[in-house]
Amino acid sequence: MSFSTIIGHKVPIGLITSAIERERLPNAYLFSGEESIGKRLVATTFAKAVNCLEKGLGPCNSCPSCRMIEGDIHPDVSTIVPDGTQIKIAQIRALQEKMIYKPYKGRRRVYIVDEADKMNLEASNSFLKTLEEPMGDTTIILITSRPNSLPATLLSRCEQIRFVPPPSDMIAGLLVKDKGMGYDEAMILSLISMGKVGVALSAEQGELIQERDKIINLIPRLVDEGASGIFETSRDLSGLPGDMDKSICWLMIILRDILVFRESKDPSMIINRDRIEDIESMGREVSASGIIKLINQIWDAERLVARNINRQLTLDLLFISIRDLFRSEGIGEY
């Protein structure tokens with residue numbers, strides 16, 4: 001992969017290649033933006049570019065250095081990811097030990113810290129000391145979808161670059177080319193993946209649509225459920241953290257569509273365009289204020305889940321609120 005073949009991100013890539021061309025590379029970058037939109041891909045491409053033996057603005061992808069970085073075996077390029085739910089101080093100390101030495105094979109050491117917001121307090125404090133004493137031949141790249149979760153002192157020592165999702169038609173074109181999809185199917189997938197190129201490319205054909213349909217079909221079913229049925233449903237969805245996170249995300253997207261279509265009646269503004277009849281039916285009589293209140297509750301649920309508050313209880317209360325809103329405002333099975 002080279003900068004020119006990355007989908008979207010023209011502004012971030014322009015800033016990065018300009019720094020490479022001027023040989024004015026910062027000691028620390030912060031790449032922030034939604035999950036799975038290509039931040040880590042750009043970080044890896046940067047690491048290849050500054051160590052490429054061809055010495056251009058972008059990597060050649062064929063020299064020994066580029067191939068080692070692609071294979072994650074380059075001695076001067078490392079990526080840290082959470083160990084379980086956190087990035088721990090032992091991982092940061094191991095990185096700091098590597099910084100003592102000069103680059104072994106390449107021209108510049110590059111250390112990528114993915115999901116940097118998951119550094120625990122000890123790790124974060126230790127890492128801050130590293131940024132306060134920068135090494136001239138090293139660039140650290142912090143990657144996060146939650147920059148506000150990082151300490152302000154840490155943020156202030158990084159050159160911050162914000163990534164935004166690429167346009168849906170770009171992602172659809174990539175899916176047509178790489179996965180052989182028809183354009184209509186690719187466009188639906190690009191829309192419901194919310195600009196997350198990694199999600200769209202890694203999903204098995206139909207997987208995202210099945211996940212989405214499960215939650216769309218759940219909403220009217222909750223209206224007719226008793227408490228025991230709701231508790232059973234939330235228990236099933238909260239069993240695996242990934243399933244619960246996806247469920248909450250889908251609920252947010254679907255409620256957003258209900259609200260937007262209720263107010264605008266414009267199908268082009270809807271993400272789930274292939275389910276427009278269901279979106280319209282669910283939003284026909286529900287109030288905008290009720291949906292907004294529910295969306296705010298979902299945001300609260302996301303924060304509680306991030307703090308490891310009881311996941312099933314959080315989902316129990318959320319599903320009861322969904323049932324009560326749609327039941328009280330006259331929406332049932334359709």
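**Reading burial, rings and helices in a predicted model**

Mentor: Let's start with E23, which is found in the loop between α1 and β1. Keep in mind that this is a predicted model.

Trainee: Why does E23 count as exposed?

Mentor: The relative accessibility of E23 is 70%. Exposed means over 50%, so E23 counts as exposed. The backbone of E23 also deserves a look: phi is positive, about 55°, although E23 is not a glycine.

Trainee: N61 has a positive phi too, about 70°, and is not a glycine either. What makes N61 partly exposed?

Mentor: N61 lies in the loop between α2 and α3. Its relative accessible area is 30%. Buried means under 20% and exposed over 50%, with partly exposed in between, so N61 is partly exposed.

Trainee: E54 is found in the loop between α2 and α3 as well. Why is E54 called exposed?

Mentor: Set the value against the cut-off: E54 has a relative accessible area of 58%, and exposed means over 50%. So E54 is exposed.

Trainee: On to helix α2, then. How do you know that the reach of α2 is close to the expected one?

Mentor: Helix α2 covers residues 39-51, which makes 13 residues.

Trainee: Now the rings. How many aromatic pairs does a search of the whole structure find?

Mentor: The search finds 3 aromatic pairs.

Trainee: Why is the pair of Y29 and F46 called edge-to-face?

Mentor: Take the centres, then the planes. The ring centres are 5.8 Å apart, and a pair needs centres within 6.5 Å. The planes of Y29 and F46 stand at 85°, and over 60 degrees counts as edge-to-face. So the pair is edge-to-face. It links distant parts of the chain, since Y29 sits in strand β1 and F46 in helix α2, 17 residues apart.

Trainee: Why does Y29 count as buried?

Mentor: Y29 has 0% relative accessibility; buried means under 20%, so Y29 counts as buried. By the reasoning that applies at 0% relative accessibility, F46 counts as buried.

Trainee: What makes the aromatic pair of F31 and F163 tilted?

Mentor: F31 and F163 are 5.0 Å apart centre to centre, with 50° between the planes. Under 30 degrees would be stacked and over 60 edge-to-face, so the pair is tilted. F31 lies in strand β1 and F163 in the loop between β5 (159-162) and α7 (168-179), so the pair ties together parts 132 residues apart in sequence. Both residues are buried, and Y29, F31, F46 and F163 form one aromatic cluster.

Trainee: Let me try one from helix α14 (residues 288-306), where K293 lies. Why is K293 exposed?

Mentor: K293 has a relative accessible area of 64%; the cut-off for exposed is over 50%, so K293 is exposed. K293 and L325 are 9.6 Å apart, C-alpha to C-alpha, and 32 residues apart in sequence.

Trainee: What about the chain as a whole?

Mentor: The chain has 15 helices and 5 strands, and 48% of its 334 residues are buried. Of the contacts between residues at least 6 apart in sequence, 72% join residues at least 24 apart.

Technical notes. Residues are numbered from 1 along each chain as its sequence is written. This is a predicted model: local features need pLDDT of at least 70, side-chain atom pairs count only at pLDDT 80 or more; totals for chains, interfaces and linings use all residues. Side-chain values use heavy atoms; hydrogens and water are left out. Helices (H or I, at least four residues) and strands (E, at least two) are DSSP runs, numbered from the N terminus. The expected span of a helix is 1.5 Å times one less than its number of residues. Rings of Phe, Tyr and Trp (its six-membered ring) pair if their centres lie within 6.5 Å; planes under 30 degrees apart count as stacked, over 60 as edge-to-face and the rest as tilted. Buried means under 20% relative accessible area, exposed over 50%, partly exposed in between (1.4 Å probe, protein chains only). Contact means heavy atoms within 4.5 Å.
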